[in-house]
Amino acid sequence: MSYSISIVRRAQRELARLPPGAYERARGAIRALAENPRPPGSVKLIAREGWRIRVGDYRVVYEIDDKRRHVLVLHVGHRRDVYH
């Protein structure tokens, strides 16, 4: 059974601002979270709640609710910017 995915408005804007190639890869990576919210290479964040995956130089930061089978995408951005 797959997870549902929601993207907060700020993350939607961040995703829309990515360069075209990075946008396509990030969108595909977010969609893949529905089948596996903890893919190989995903990292549980220490400084805050949530997880992150790498998509080239970009990061997708998200939270997982296993009870509701839901993934909430919080940030999408360049690695130097996304953790602030």
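In what order do the five strands form an open sheet? The order is E1-E5-E4-E3-E2, and the pairing is mixed. Strands pair if DSSP finds at least two bridges between them. Strands here are DSSP runs (E) of at least two residues, helices are runs (H or I) of at least four, and both are numbered from the N terminus.

This is a predicted model, in which local features need pLDDT of at least 70, side-chain atom pairs count only at pLDDT 80 or more, and totals for chains, interfaces and linings use all residues. Residues are numbered from 1 along each chain as its sequence is written, and side-chain values use heavy atoms, with hydrogens and water left out.

**The sheet and its helices**

E1 and E2 stand at the edges of the sheet. Each has a single partner strand, so one side of each is left without a neighbour in the sheet. E1 pairs with E5 in the parallel sense, over four bridges. Ile 7 has Val 73 of E5 as its bridge partner.

Helix H1 packs on this sheet and touches E1 and E5. The direction of H1 makes about 45° with that of E5. Helix H2 lies across E1, E3, E4 and E5. H2 runs at about 140° to E3. Such angles run from 0 to 180 degrees between N-to-C directions, with axes fitted to C-alpha atoms, for helices over the stretch in contact.

**The two sides of H1**

Ala 11, Glu 14 and Leu 15 are buried in H1. They cover an arc of only 100° around the axis, so they sit on the same side of H1. That arc is taken from the directions from the helix axis to the C-beta atoms. Buried means under 20% relative accessible area, exposed means over 50%, and partly exposed lies in between (1.4 Å probe, protein chains only). The buried residues of H1 pack against strand E1 (4–7), H2 and E5. Arg 9 and Ala 16 are exposed, on the face of H1 turned away from its buried side.

**The core**

Which residues touch the most other members of the largest nonpolar core? They are Leu 18, Val 60, Tyr 62, Val 73 and Val 76, out of 19 residues in this core. Helices H1 (9–16) and H2 (20–32) each give two or more residues to it, as do strands E3 (51–55), E4 (58–65) and E5 (70–78). A nonpolar core is a set of buried Ala, Val, Leu, Ile, Met, Phe, Trp, Tyr and Cys residues joined through side-chain atoms within 4.5 Å.

Contact means heavy atoms within 4.5 Å.

**Salt bridges**

There are five salt bridges. The rule asks for a side-chain nitrogen of Lys or Arg within 4 Å of a carboxyl oxygen of Asp or Glu. The table lists some of them.

| Pair | Closest N and O atoms |
|---|---|
| Glu 24 and Arg 27 | 2.9 Å |
| Arg 38 and Asp 66 | 2.7 Å |
| Asp 81 and Arg 80 | 3.8 Å |

Glu 24 and Arg 27 are three residues apart in H2, so about one helical turn separates them. Glu 24 is partly exposed at 43%, and Arg 27 is partly exposed at 27%.

Arg 38 lies in the loop between H2 and strand E2 (43–44), and Asp 66 in the loop between E4 and E5, so this pair ties together parts that are 28 residues apart in sequence. Arg 38 is partly exposed at 34%, and Asp 66 is partly exposed at 38%.

Asp 81 is partly exposed at 43%, whereas Arg 80 is exposed at 59%.
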